[in-house]
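Good morning, everyone. Please look at the screen while I go through some residues one by one.

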Amino acid sequence: MSTILQFLAVFGVLVFFHEFGHFLFAKRAGILCREFAIGFGPKIFAVKKGETLYTIRLLPIGGYVRMAGEDPEVIELKPGLRVGLLFNGEEKVKKIIVSGKDKYPGARLLEIAEADIERELFIRGYESEDDDRLKTYEVDREAVVVDYGQEIQIAPLDRQFSSKSLGKRALTIFAGPLFNFLLAFLVFMLIGLLQGVPSNDPVLGKVTEDGAALKAGLKEGDLVLSIDGEEVSTWRDVVEKIRANPEKTLEFQIVRDGKELTVPVVPEKHEENGETYGLIGVYNPVEKSPVKAFTYGLAETYFWIKQIFVILGDLIFGHFSFDMLSGPVGIYASTEEVAKAGFYYLLRWTALLSINLGIVNLLPFPALDGGRLLFFAIELIRGKPIDKQKEGLVHFIGLALLMLLMLMVTWNDIQRFFL
């Protein structure tokens with residue numbers, strides 16, 4: 001249960017930040033966001049605030065922001081349809097009741113002759129069969145259509161995704177991956193603030209309770225001047241000298257409390273992958289400061305973005321095996337192992353997953369954010385957008401291929417971790 005909660009927490013944070021990026025930039029562009037969802041499938045929690053429904057859904061494998069103009073949830077008001085109308089204080093239509101009109105006894109009945117709830121915002125028709133006078137009513141910009149008890153807010157054209165400038169649409173889509181990179185930076189910075197930023201000064205960090213350093217009398221904070229008469233100026237110099245001399249006595253010349261001391265230390269012998277090296281049980285020195293944490297967050301984020309691009313390059317050019325790919329099952333199993341190592345390892349794992357999610361979503365593949373950005377680039381070159389039906393078909397095919405890949409990767413994970 002602990003692993004499940006940790007996995008859901010990590011995955012939930014990743015998805016939330018990604019979708020919040022889309023949501024925030026969509027709202028800033030004036031786009032009507034109908035739903036902000038974490039997960040897919042049936043709703044297990046829902047609350048409406050303002051014009052947006054916030055939901056948590058059963059399957060924790062992603063999320064979405066449902067934007068006006070990008071969803072099929074618009075009811076067409078065809079001529080001949082009999083509806084009920086409710087008005088606000090300005091005598092504008094605030095509710096258009098398609099079904100269940102008997103539940104609104106105060107509604108004014110109208111047989112539609114013509115309606116436009118996107119551009120000119122009006123509804124026109126006849127109030128009774130005996131009355132041949134055509135009545136026209138102005139529709140409020142925030143009016144809702146009621147059908148089978150569900151209220152759907154209308155979306156004037158200027159509130160729809162497709163009506164926005166190319167730049168605003170591109171920023172709205174790019175904001176998802178961008179916020180994944182931002183999350184990674186914030187997590188790395190938090191690690192730097194709480195745990196400290198690794199320093200390259202030749203100063204001893206935390207001393208382990210069972211290491212050679214403690215047995216020899218070394219203490220945290222000791223400044224190392226030289227080892228066996230050889231001057232050291234960085235932490236890397238100290239590490240290299242220790243690793244190169246397992247089970248050999250080393251004379252540490254140190255400064256402690258303003259006094260110079262000589263301390264003999266015998267590094268313990270360790271073997272790994274056929275390599276023999278020395279260890280004395282001392283951690284890297286760290287510094288704690290907001291400025292250091294900020295620069296550490298930037299440096300780590302930049303480093304891992306580069307590393308993941310290198311891995312993707314290896315995958316594309318065949319230097320990386322398909323069997324090494326992981327999906328949700330593999331991430332779950334890895335999260336369990338990482339969590340055992342401690343809180344800071346789990347934080348770092350979250351940052352790496354966030355960067356990975358951001359980069360994968362930027363790949364120019366249909367159904368991904370990068371695929372949509374590719375269509376925007378084509379629109380910029382052509383001077384006009386590609387037909388929505390054709391673009392939708394390409395994204396549908398891309399989504400199907402992604403689902404197939406997900407199934408293959410998931411089966412691969414199940415075989416690797418559980419069979």
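This is a predicted model: local features need pLDDT of at least 70, side-chain atom pairs count only at pLDDT 80 or more; totals for chains, interfaces and linings use all residues.

Residues are numbered from 1 along each chain as its sequence is written, and side-chain values use heavy atoms, with hydrogens and water left out.

First, the record. UniProt, in an unreviewed entry, places the feature "transmembrane region" at residues 6-25, 170-194, 302-322, 343-365 and 392-411. UniProt positions are given in the numbering used here, feature names are shortened, and annotations may be inferred rather than shown by experiment. In the model, residues 170-194 are 100% helix and 0% strand, with the end C-alpha atoms 36 Å apart. Helices here are DSSP runs of H or I with at least four residues, strands are runs of E with at least two, and both are numbered from the N terminus. Residues 343-365 are 87% helix and 0% strand, and their end C-alpha atoms lie 35 Å apart. The unreviewed UniProt entry also gives "domain: PDZ" for residues 184-258. That span is 33% helix and 21% strand in the model, and its end C-alpha atoms are 40 Å apart.

Now some single residues. Thr-172 is found in helix α2, residues 166-194. Is Thr-172 buried or exposed? Thr-172 counts as buried because its relative accessibility is 0%. The cut-offs are under 20% relative accessible area for buried, over 50% for exposed, and partly exposed in between, using a 1.4 Å probe and protein chains only. Leaving out residues up to four places away in sequence, Thr-172 touches His-22, Phe-25, Ala-26, Ala-29, Ile-31, Met-67 and Phe-161. Contact means heavy atoms within 4.5 Å.

Ser-354 lies in helix α7, residues 343-362. Ser-354 also counts as buried, at 0% relative accessibility. Which residues does Ser-354 touch, not counting those up to four places away in sequence? They are Leu-14, Asn-180, Leu-183 and Ala-184. For Asn-180 there is a further detail: its backbone oxygen lies 2.6 Å from a polar atom of the Ser-354 side chain.

Ser-199 sits in the loop between β9 (197-198) and α3 (212-216). Ser-199 is buried, with a relative accessible area of 7%. A polar atom of the Ser-199 side chain lies 3.1 Å from the backbone nitrogen of Asp-201. Leaving aside neighbours within four places in sequence, Ser-199 is in contact with Trp-235, Asn-284, Pro-285, Val-286 and Glu-287.

Next, two backbone angles. Most residues other than glycine have a negative phi. Asp-228 has a positive phi, near 55 degrees, and lies in the loop between β10 (223-227) and β11 (230-231). Asp-257 has a positive phi too, of about 55 degrees, and is found in the loop between β12 (250-256) and β13 (259-265). Asp-228 counts as partly exposed at 39% relative accessibility, and Asp-257 is exposed at 75%.

Last, the charged pairs. Side chains of opposite charge can pair when their charged atoms come close. How many salt bridges are found in the whole structure? The search finds 21. A salt bridge here is a side-chain nitrogen of Lys or Arg within 4 Å of a carboxyl oxygen of Asp or Glu.

I will take three of these. Lys-27 forms one with Glu-51, with the closest N and O atoms 3.4 Å apart. This pair links Lys-27 in helix α1 (residues 2-28) to Glu-51 in the loop between β1 and β2, 24 residues apart. Lys-27 is partly exposed at 35%, whereas Glu-51 is buried at 17%. Lys-27, Glu-51 and Arg-159 are linked in a network of salt bridges.

Glu-268 forms a salt bridge with Lys-215, the closest N and O atoms being 3.7 Å apart. Glu-268 is in strand β14 (residues 268-272) and Lys-215 in helix α3, so the pair ties together parts 53 residues apart in sequence.

Glu-275 and Arg-243 meet in the third, at 3.5 Å from N to O. Glu-275 is in strand β15 (residues 275-279) and Arg-243 in helix α4 (residues 235-243), 32 residues apart.

That is the end of my part.

Note on methods: A polar contact is a pair of N or O atoms within 3.5 Å; within protein, one must be able to donate a hydrogen and the other to accept it, and residues adjacent in sequence count only if both atoms are side-chain atoms.
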